[in-house]
Amino acid sequence: MKKLRYILLLITQLTLYTQNSVSQSITWQRLYDGPFHFYDSGFDACQISNGDFVIVGSTWQLGPYVLRINAIGDTVWTRWFNLPGFAKTVVSTDDGGIVFTGHGDSAYTIKLDSNGNIVWQKFYGGYQVQIEDMRKTQDGGYVACGGDWTNTQTSNGYVLKIDSLGNLQWQVSHPGIFKQYSSIEEAFNGGYVITGSTSGFPGDILTRINSTGDIIWERQFLVSDSAANPQVIEKLSQGYLIGGIAAADGTPDWSPFFVRTDTNVVTYYTKVFPSSLPQGFDMITDFSTDRYVISLYIDSIYTTQLRYAKALITDSSGNILRERVFPSISSSHFYSIVPIANGDLLFTGYWRNHSTPPFDDVYAARTDSLLNVPPNFIGITSQQNEIPIEFKLYQNYPNPFNPITTIKYDIPVGTRHGVFVQLKIYDITGREVFGINEYKQAGSYSVTFDGTNFASGLYLYRIESGNFVETKKMVLIK
């Protein structure tokens, strides 16, 4: 197996459900095309309070890209932001919104409400700060880590702590030689534990900092006395789970691993997967204390340049209990796993077509607890077999509604390369209360509007795309 060129790991605690789950599974696979129909990826995802999902990532030349979908994968809204880089990580908030951050010219965090409107947007000191991971903290705030590349000749490990409103509490840069932090977790007795790497000795590291960011200890991380790259750390009930890749079998190839530690971050169990497996290791998710979901990729049967997304379920010893490959016509890759209350799993990443020119779409697959999923894609660009022949805005249903309604519209054939669509909802005073701005290809679409936080009364919804403009009325009754 070739040495892995790119590794991303994310560990999230889950509860394992079987086919006897509390509710029926909903399974599907979908692709989501961005406005330039080129390089679109979903790097992380979360589930918000109403059961919808939010995926964050990037879209070609537009920077951070945020996509909200409902339980069956229909697009609710999309947003992009005039910032350099892309959105790397996202967490849900108690009020139904999200907070996300990522790579950019400076550290930033952005909070969106459930309708995708900006609640606050904050920027912090430094230049060329790259955020890799963010966690919600027990005090209601957020902590994030990554690298500070202000000095282009090297980099420092970077940690940022903010309150629930995005106000900076502290930020620190820990000097090193190309030091980069990859994952952060709250420690059992205060402060934080971080995985990371440096160039040269000590190489790959674990770092413990206090509640204001000062280093308590930093040590080299080894697996079976060999070099290892710890990419992610997750707090368990009685310790931590750490995953990454290691050169633990004496070969030049790197092998995926996970280790479990006690509350003092002392390793007591190690599992190294054989490097002979034709697969790279991207992520590991804890399924309680005894089962894990692992997202990988495998070389296609045609060429090692093409890779397919793959998922495994293992026990706590690393024995494979279930596995599934998600083939594409070219390459596919998962970056994130989201657990769902009924036992389902949402995988998100990208799906690539090596055409001329090549393009990537955001890829999402919702499986049941045993990784079962329909074999065929449902293209997000069309929700029916026949492509519409004209623009059309439908009456919302139900109407009157309380508090949720669906608005459908058609984009006709002849718009293969996409058109820009604006859908706005206004209250009786003319104030905009909801809006989407996105590119769409020919097909039929639906948008869900949640009026929970709005007053009863008459509302107008209006669609505009090129020369097509139409407005309809709807009534919210509580």
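Reading the strands and cores of a predicted model

Modeller: Thr348 lies in strand 28, residues 345–353, where a strand is a DSSP run of E with at least two residues, numbered from the N terminus. This is a predicted model, in which local features need pLDDT of at least 70 and side-chain atom pairs count only at pLDDT 80 or more, while totals for chains, interfaces and linings use all residues. Residues are numbered from 1 along each chain as its sequence is written, and side-chain values use heavy atoms, with hydrogens and water left out.

Biologist: Why does Thr348 count as buried?

Modeller: Buried means under 20% relative accessible area, with a 1.4 Å probe and protein chains only; Thr348 has 0% relative accessibility and therefore counts as buried.

Biologist: With which residues is Thr348 in contact, leaving aside its neighbours within four places in sequence?

Modeller: Contact means heavy atoms within 4.5 Å, and the residues in contact with Thr348 include Gly42, Asp44, His333 and Tyr363.

Biologist: What makes a set of residues a nonpolar core?

Modeller: Its members are buried Ala, Val, Leu, Ile, Met, Phe, Trp, Tyr and Cys residues joined through side-chain atoms within 4.5 Å. The largest nonpolar core has 38 residues, of which Val66, Ile98, Phe100, Tyr409 and Ile425 touch the most other members. Strand 33 (residues 419–426) gives the most to this core, with four residues. Apart from it lies another core, of 15 residues, among them Phe334 and Trp351.

Biologist: Why is one side of strand 18 and of strand 22 left without a neighbour in the sheet?

Modeller: Five strands form an open sheet in the order 18-19-20-21-22, with antiparallel pairing, and two strands pair if DSSP finds at least two bridges between them. Strands 18 (222–223) and 22 (267–272) stand at the edges with a single partner strand each, so one side of each has no neighbour there.

How values were computed: Buried means under 20% relative accessible area, exposed over 50%, partly exposed in between (1.4 Å probe, protein chains only).
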